[in-house]
Amino acid sequence: AKSSEFWKKIELPDGADVEYVCIGVKASNYFMPAETLSDKGPGGGGWIHFNKYMQVTKKDGTMWCDGTIFAVGDCNYGCLGAPPNWEMPPVPKISYPGEEQALHAVKNMEILHKGSKKLKATWWPWGAGMFATSLGPHDACFVLAANHEKGSGYMVNWWIPAALQKELIESTKINECKNGCIGILIWHFVHHTPVNLWGAGPWVP
């Protein structure tokens, strides 16, 4: 912070001795060959290139390892194509689209295992526009219907109710990961909906 008023307000008129910036994202794909990693993107690049079937590709768009390796969630480049004519706009690096992409990849693995090449394309999932953000132990906000356009989305819940909502989301997700009955009943249909009412996916996935 460069504002002298800010430092005076927090009773540090001379500023801090050291500042640590702990925000943003950074790729940790050092184990992948350079030919599969992006030169651009959040944190300076290093994200895994992929195609619309979630298969890892090289920088030139050709498949890597014959399309048998998939990249889902935070590790991949997050978008397909280039602005303004996106094939798939940048997808937020949050849990929902990561799980959705994992499901798409597994479905395509099953198709390949059966000897077919008719893979199913991924899409910008509707749940990628929902954000439950903690603002402390007793405060949070929940944004709905956001997309890749700047300023999109609506804050529909905040303060203690949003903090309780975030706690409920986290506890039931952990319960699902432990094969708990309550978590499975709550979250199963999130990624197994029979139709898509929102988002960029097909009407019948």
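In what order do the three strands of the open sheet stand, and is their pairing parallel or antiparallel? The order is β3-β4-β5, and the pairing is antiparallel; two strands are taken to pair if DSSP finds at least two bridges between them. The structure is a predicted model, in which local features need pLDDT of at least 70 and side-chain atom pairs count only at pLDDT 80 or more, while totals for chains, interfaces and linings use all residues. Residues are numbered from 1 along each chain as its sequence is written, and side-chain values use heavy atoms, with hydrogens and water left out.

The protein chain holds four helices and five strands, arranged along the sequence as α-β-β-α-β-β-β-α-α. These elements are DSSP runs numbered from the N terminus (helices: H or I, at least four residues; strands: E, at least two). The C-alpha trace spans about 70 × 40 × 35 Å along its principal axes. Of the 205 residues, 31% count as buried, that is, under 20% relative accessible area with a 1.4 Å probe and protein chains only.

Four bridges join β3 to β4 (residues 140-144) in the antiparallel sense, and Ala-132 stands opposite Phe-142 in β4. Helix α3 packs on the sheet and touches β3, β4 and β5, its direction making about 90 degrees with that of β5. Here contact means heavy atoms within 4.5 Å, and angles run from 0 to 180 degrees between N-to-C directions, with axes fitted to C-alpha atoms, for helices over the stretch in contact.

A pocket is an open set of points on a 1 Å grid over the protein atoms alone where a 1.4 Å probe fits, with protein on both sides within 12 Å along at least five of seven lines; lining residues have an atom within 4 Å of a point. The largest pocket has about 520 Å³ of space, a volume being the space filled by probe spheres set on the points. Among its 19 lining residues, Ser-95, Tyr-96, Met-130, Ile-169 and Trp-187 lie nearest the centre.

The second largest pocket has a volume of about 380 Å³. Of its 19 lining residues, His-104, Lys-107, Lys-120, Trp-123 and Pro-205 are the closest to its centre.

How values were computed:
Buried means under 20% relative accessible area, exposed over 50%, partly exposed in between (1.4 Å probe, protein chains only).
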